[in-house]
Number of protein chains: 2
Amino acid sequence: MKARAKRVRRHVTIREVAQAAGASVSTISAALNNSDYVSADMRSRIEAAIKTLKYCPNDLARGLRLQKTHSIAIVVPDLSNNFYIELVRGVKDYSASASYTILIGDSRENWEEERNYLDSFHRRRVDGVVRVPAMNTTGGKAKAILGNLPVVYADRHPRERDTYVGRVGVDNTQAAKSATSYLLSLGHRDIGIITGDASSGTSRDRLRGFVSAIRGAKIRLDRSMIHAGHNDMESGHFHAMQLLTRGQRPTAIFCTNNMMALGALAAIQEIGLACPEEVSLLGFDDFYWATLLRPRLTVVRQPAREIGMIAARILIDHIEGRSSIPTPALLKTQLIVRDSCCPPEKM
Amino acid sequence: MKARAKRVRRHVTIREVAQAAGASVSTISAALNNSDYVSADMRSRIEAAIKTLKYCPNDLARGLRLQKTHSIAIVVPDLSNNFYIELVRGVKDYSASASYTILIGDSRENWEEERNYLDSFHRRRVDGVVRVPAMNTTGGKAKAILGNLPVVYADRHPRERDTYVGRVGVDNTQAAKSATSYLLSLGHRDIGIITGDASSGTSRDRLRGFVSAIRGAKIRLDRSMIHAGHNDMESGHFHAMQLLTRGQRPTAIFCTNNMMALGALAAIQEIGLACPEEVSLLGFDDFYWATLLRPRLTVVRQPAREIGMIAARILIDHIEGRSSIPTPALLKTQLIVRDSCCPPEKM
DNA sequence: AGCGCCTCCCGAAACGTTTTGGTTTTGGCT
DNA sequence: AGCCAAAACCAAAACGTTTCGGGAGGCGCT
């Protein structure tokens, strides 16, 4: 009934502002992008008109004319993973400081979803995208969607030699190697690892670091101790179950992301094993409630927010034609020792 | 150096596709929005041209012409709160099914940030917004930013009689009342509550439910047991500390959101109190790792995803001029009893 | 007076779509 | 052949900005 009446109330345009202020369209525009000559008196008339008319600039028209939207996209694989929230916030904060606006995509570790987001953002003509590719992506497909939009990879990077503007993350093999060394130094010899999908360069690097540490300690590498999950709780749970219910179970488990560490912890609790006494657990990525868990999780922390900020910086520098910092930009990780790892029990 | 060369490579337009396919611009458009007459032969020529040129439609131009973007915004106060991630995903899933695209905003419980997002989305001419207002918002301010863009409120709603298209959430006073009754039924008489800011209708409703349950049990209401926090871990921690270190400490604490429950749990652990034996803890909002905590948290669960889906539905129905379900739409909560509440110790 | 140079403002042409109102082509029917 | 409707296509006008090329005054100088 009453909803019918006021249809199609369109937005107020710059033209109406011009009318109200007794000025021309181009003068309004000049005043808006406060540059050029416009007299103080005219300016105040314009501001008044804008206020009373509640004018809101149309960024579609603006972007169309300018061939530039002053916005970048950030697409991450899992918003419920706090690591990526921090990363997004890093991107956001840097972008805001450079007066860029961000569009957020959440692919849920699913290429179809990611493709939709990338496509949508491309159609919206973002000026660039920082991308954390979904796991089941096989390389090069994004190129077909994004054309020659500048892309910087954060955290993960594509397997194939894709073309991109920059890459930022951590030295994953080094980080995994030293984390594994920590477990070795505690005396562990039977260490299980749950990694992400092998299609991810990041996962491969972490696995490589693990293997390298094991080999460096002259320990026979038991391939059945290596499980590839999907970076979510379920697969962490599943693979931990596999590892812990076999004949000779590992005395420590290393999970290469936080979600899988959580799943593994759930599995440990479910089986009724004491952690860390009966099995140590080492995670990747810190999160704000890691200290609420019992045991408090020992993890290797990545500087998520910084990764996001640097990614945004490299991207925006590129967009604006500046030269930027060298890439790949590798940031430092840090082993946060808490309570979930201890020396193995004597057999 | 080499980055200099290939400047200003613009996007390929519908005109170039027309050229390549030997057709007119309008025919391409017709083919794209696959309607109207276009012969099979022509269509395939066009598709070929699109493929080889890697044409990507410009949604700025499209939205400008159509006066409609087929997109809605969702702005939430805290993306690191899993409740809102689920809500966003609900919005996203419903929107996708209606072939709407979403833009995500994360205000971090901060009106300035929220305003920026709302403004940015308005300028982008989204067709509507579902909004979970930040805490420190005093009513009516959003109206000034959004003009007469349709808004539906989810989870929280504004204090003032703001004009909106719909509202969806839960019956907060009822939920809080029955949660409190549960604590009472366990035998608690000294119950502390940590609520959100009083500027939020949601917080007020939950507090109202709490008070009503207390009064219903003929217990004197001790106002010093009522603390108003900011829906984050810090304030949960802070107020729990206050409550637990006073002369007569409560035997149970009810936190009206999950972040504050986490903070309270941290405080309890810090003080070294046994939970639930020495102090019971009851939270609001469930989250996927609530069972990993020790004790496993007892909470009242809201159907976050459904709230998002319904919000999107109401909004999109409105946008398309359909009539929708009655509003406010109040969904059912559920008390998930786990281990963090038990009868109080005998004094 | 004439000239040049500011300052302040304006008209019109883009930007890449969709849509309206055509015009041409096709093919079936007398 | 001739006619006509339907099918297939097209040109041009919007949509709301910004920018480019001027233009009208005003002022200081020769």
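The surface near DNA strand C has 14 nonpolar, ten polar and five charged residues. Here Ala, Val, Leu, Ile, Met, Phe, Trp, Tyr, Cys and Pro count as nonpolar, Asp, Glu, Lys and Arg as charged, and the others, Gly among them, as polar. This is a predicted model: local features need pLDDT of at least 70, side-chain atom pairs count only at pLDDT 80 or more, and totals for chains, interfaces and linings use all residues. Residues are numbered from 1 along each chain as its sequence is written, while chains are lettered from A and ligands numbered from 1 in the order in which they are written.

**DNA strand C**
- 29 residues surround DNA strand C; a residue is near a strand if its C-beta atom, placed from the backbone, lies within 6 Å of it.
- The closest are Ser24(A), Ser26(A), Ile14(B), Ser26(B) and Ser29(B).
- Two or more residues each come from helix 3 and helix 5 of chain A, and from helix 1 (14-21), helix 2 and helix 4 of chain B. Helices (H or I, at least four residues) and strands (E, at least two) are DSSP runs, numbered from the N terminus.

**DNA strand D**
- DNA strand D is surrounded by 30 residues, and the closest are Ile14(A), Ser26(A), Ser29(A), Ser24(B) and Ser26(B).
- Elements giving two or more residues to this surface are helix 2 (14-21), helix 3 (25-32) and helix 5 (59-66) of chain A, with helix 2 (25-32) and helix 4 (59-66) of chain B.
- By class, the surface near DNA strand D has 14 nonpolar, eleven polar and five charged residues.

**Helix 1 of chain B**
- Its buried residues are Ile14(B), Val17(B) and Ala21(B); buried means that 20 or more other C-beta atoms, placed from the backbone, lie within 10 Å of a residue's own.
- Seen down the helix axis, these residues fall within an arc of 55°, so they line one face of helix 1 of chain B. The arc is that of the directions from the helix axis to the C-beta atoms.
- Gly22(B) follows helix 1 of chain B, with a positive phi near 65°.

**Chain A meets chain B**
- The contact takes 35 residues from each of chain A and chain B; two residues are in contact if their C-beta atoms, placed from the backbone, lie within 7 Å.
- Helix 4 of chain B gives the largest share of chain B's side, five residues.

How values were computed: A residue is buried if 20 or more other C-beta atoms lie within 10 Å of its own, exposed if 12 or fewer, and partly exposed in between; C-beta atoms are placed from the backbone.
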